[in-house]
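Subject: Handover of a structure and its findings

Dear colleague,

Please find below the structure that I am handing over to you.

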Amino acid sequence: MEFAVESGLKTMGSGEGIRRNQALICAPLMADTVDQMVDLMHKAKSKGADIVEIRLDHLKIFNPRSDIEIMIKVCPLPTLFTYRPIWEGGQYAGDEKSRFKALQLAMELGADHIDIELKAAHEFNNFLHGNKPGKCKVIISSHNYDSTPPIEDLGNLVARIQAAGADIIKFATTALDITDVARVFQITVHSQVPIIAMVMGERGLMSRILCPKFGGYLTFGSLEAGQVSAPGQPTIEELVNLYNFRLLEPDTKVFGIIGNPVSHSKSPKLYNEAFKSVGFNGVYLHLLVDDVQKFFRTYSSMDFAGFRTYSSMDFAGFSVTIPHKEAALACCDEVDPVAKSIGAVNCVVRRPDGKLFGCNTDYVGAISSIEDGLLGSQNGSTGTGSPLAGKLFVVIGAGGAGKALAYGAKEKGARVLIANRTYDRARELADLVGGQALSLAELDNFRPEKGMILANTTSIGMHPKVNETPISKEALANYMLVLNAVYTPKITRLLREAAESGAQIVTGVDMFIGQAYEQYERFTGLPAPKEQFKKIMEN
Ligand code: NAP
């Protein structure tokens with residue numbers, strides 16, 4: 001076998017890039033037949049797994065001696081044999097003696113690891129009569145499909161697993177909230193024995209990706225999206241290529257996008273590719289957050305006493321999206337004056353003194369994209385002031401993005417009008433920025449002058465409702481530039497009809513990239529790789 005598990009990152013097959021940690025990626029293999037299992041082993045290797053977990057309980061027909069022998073012989077990667085019973089979330093419904101015999105056989109035949117459940121460990125040890133055959137490492141595991149217990153209970157669980165004779169401790173709990181993961185990191189980092197500690201579910205994703213940062217032995221990565229052995233498992237491809245798993249180290253800074261929902265966000269791809277290309281030691285995650293205050297409280301007070309490498313300082317910066325932009329503002333120790341006026345932050349950075357600083361980059365990206373568009377058009381001002389000065393700027397929507405655009409336009413000297421589905425919210429925002437208000441229904445007939453600017457900041461026209469649009473094509477003839485904050489699809493019906501009516505268009509992608517430049521510079525202190533951002537978003 002070409003890869004020694006013990007030596008971690010030493011000798012991977014061809015095509016492997018740099019590895020900065022020893023954490024392994026384990027591909028769980030679940031197949032009906034041994035032949036299929038063997039195919040999956042090769043697939044796992046080609047995808048970049050370091051080790052395979054052979055789930056014996058998934059085999060429909062199983063002849064322990066011959067099948068295990070073949071699988072060990074032909075497997076191109078180190079092996080972990082698991083024969084999970086139904087009572088621990090697996091498929092095996094038979095008696096314990098046959099199950100123990102198969103696992104014993106795997107040990108004798110040269111398995112690198114076997115997994116036995118804590119609930120059965122005592123009985124299994126008795127069955128082996130204290131003779132642990134071969135070089136095999138025994139993982140003793142515990143799975144909690146309901147919750148993540150308090151830290152004292154987790155500490156007791158780990159002590160029991162260790163006392164049962166584990167070479168490697170494994171426990172998996174369920175995340176009811178993203179803050180559950182903090183307790184599991186604290187246990188992982190203090191473990192004296194190699195440990196695999198996972199928090200299942202989308203809210204626990206961070207536990208799987210940051211395994212190398214906190215010293216976990218391995219993480220699980222599925223071969224294909226959706227073919228998971230436990231909820232929340234990323235694919236090997238995502239671990240390696242999206243989250244740069246091989247490059248993570250104890251002092252890697254953690255960034256991420258806080259939202260709900262958040263899994264659709266392209267921000268991790270954008271930032272992680274940029275971090276990798278400039279060698280910045282950071283990772284950017286999808287963070288599914290329910291209670292933003294609890295999130296910031298937990299990850300601002302993380303204390304890994306005795307392990308000076310880790311602290312809340314490692315949770316260094318966050319993008320904030322729907323629905324947390326307003327709540328996040330209240331969590332900041334200091335807020336930029338414009339964000340305060342807008343009443344929403346979309347970027348939170350931890351300063352060197354540990355304090356949280358909030359700002360709003362939504363308007364920066366949008367306004368500069370509009371200014372660029374106007375300057376590039378024949379009608380744009382060529383003077384030294386903003387080409388927005390004096391223009392009538394119509395904002396559709398009065399939510400976070402609407403507020404940001406209205407303030408940004410006002411700052412540049414535009415005359416602002418807010419059109420919103422809920423008129424009262426339009427009125428409220430208009431009063432704040434000293435502008436006019438309309439209900440969205442009145443917008444079609446609002447045609448006071450030519451050469452206006454229009455910014456849609458509602459989700460109207462967003463995938464999958466791509467045929468919807470907030471304003472008729474006829475009314476668009478009065479606008480010289482139209483921006484749509486919606487970025488899926490890039491060219492919405494609104495933008496298509498605006499272009500057909502002769503207006504300049506600015507896409508939600510342009511706006512997104514603009515705000516991302518600003519956040520990247522705040523997160524890293526480095527200039528944003530603008531061309532790379534554009535290329536990534538175009539792809
Ligand atoms: P938000 O705070 O929830 O505000 C949503 C606004 O849209 C409200 O004014 C709401 O009107 C209106 N709205 C929602 N559904 C509507 C419908 N079916 N018909 C008419 N009006 C509707 O959200 P947000 O943070 O401002 O984000 C809004 C959109 O902008 C989202 O699509 C988001 O993805 C996009 N965005 C893009 C970027 C970028 O970089 N491209 C940045 C930020 C946001 P009511 O007041 O009547 O409820």
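This is a predicted model: local features need pLDDT of at least 70, side-chain atom pairs count only at pLDDT 80 or more; totals for chains, interfaces and linings use all residues.

The ligand

The ligand is surrounded by 24 residues, and the closest of these are Ala398, Ala401, Asn420, Thr422 and Arg425. By class, this shell consists of ten nonpolar, ten polar and four charged residues.

From Asn420, a polar side-chain atom lies 2.8 Å from an oxygen atom of the ligand. Gly400 uses its backbone instead, with an N or O atom 3.0 Å from a ligand oxygen. Phe512 likewise has a backbone N or O atom, at 3.3 Å from an oxygen atom of the ligand. Taken alone, the ligand exposes 920 Å², of which the protein buries 79%.

The largest pocket

Where does the ligand sit? It sits in the largest pocket. Two elements give two or more residues to the shell around the ligand, namely helix H14 (400-411) and helix H17 (508-524). H17 gives the most to that shell, with four residues.

The volume of the largest pocket is about 1,300 Å³. The pocket is lined by 45 residues, and those closest to its centre are Thr321, Ile322, Lys325, Thr457 and Ser459. Two or more lining residues come from each of helix H9 (267-278), strand S11 (315-320), helix H11 (325-331), H14 and H17. In this lining, too, H17 gives the most, with six residues. The lining divides into 18 nonpolar, 21 polar and six charged residues.

The cavity

How many cavities of 30 Å³ or more does a search of the whole structure find? The search finds one. The largest cavity has a volume of about 50 Å³. Its lining is made up of Val184, Phe185, Thr188, Ala197, Met198, Ser207, Leu210, Cys211, Phe214, Gly216 and Leu218. Helix H6 (180-190) and strand S7 (195-200) each supply at least two residues of this lining, and H6 gives the most, with three. By class, the cavity lining has eight nonpolar and three polar residues, and no charged residues.

Yours sincerely,

A colleague

Key. Residues are numbered from 1 along each chain as its sequence is written. Side-chain values use heavy atoms; hydrogens and water are left out. A residue is near a molecule or strand if one of its heavy atoms lies within 4 Å of it. A polar contact is a pair of N or O atoms within 3.5 Å; within protein, one must be able to donate a hydrogen and the other to accept it, and residues adjacent in sequence count only if both atoms are side-chain atoms. Accessible areas come from the Shrake-Rupley method with a 1.4 Å probe; for residues, only the protein chains shown count as cover. On a 1 Å grid over the protein atoms alone, a cavity is a set of points where a 1.4 Å probe fits but cannot get out, and a pocket is an open set with protein on both sides within 12 Å along at least five of seven lines; lining residues have an atom within 4 Å of a point. A molecule sits in a cavity or pocket if more than half of its atoms lie within 2 Å of its grid points. Ala, Val, Leu, Ile, Met, Phe, Trp, Tyr, Cys and Pro count as nonpolar, Asp, Glu, Lys and Arg as charged, and the others, Gly among them, as polar. Grid points are joined across faces, edges and corners, and a volume is the space filled by probe spheres set on the points.
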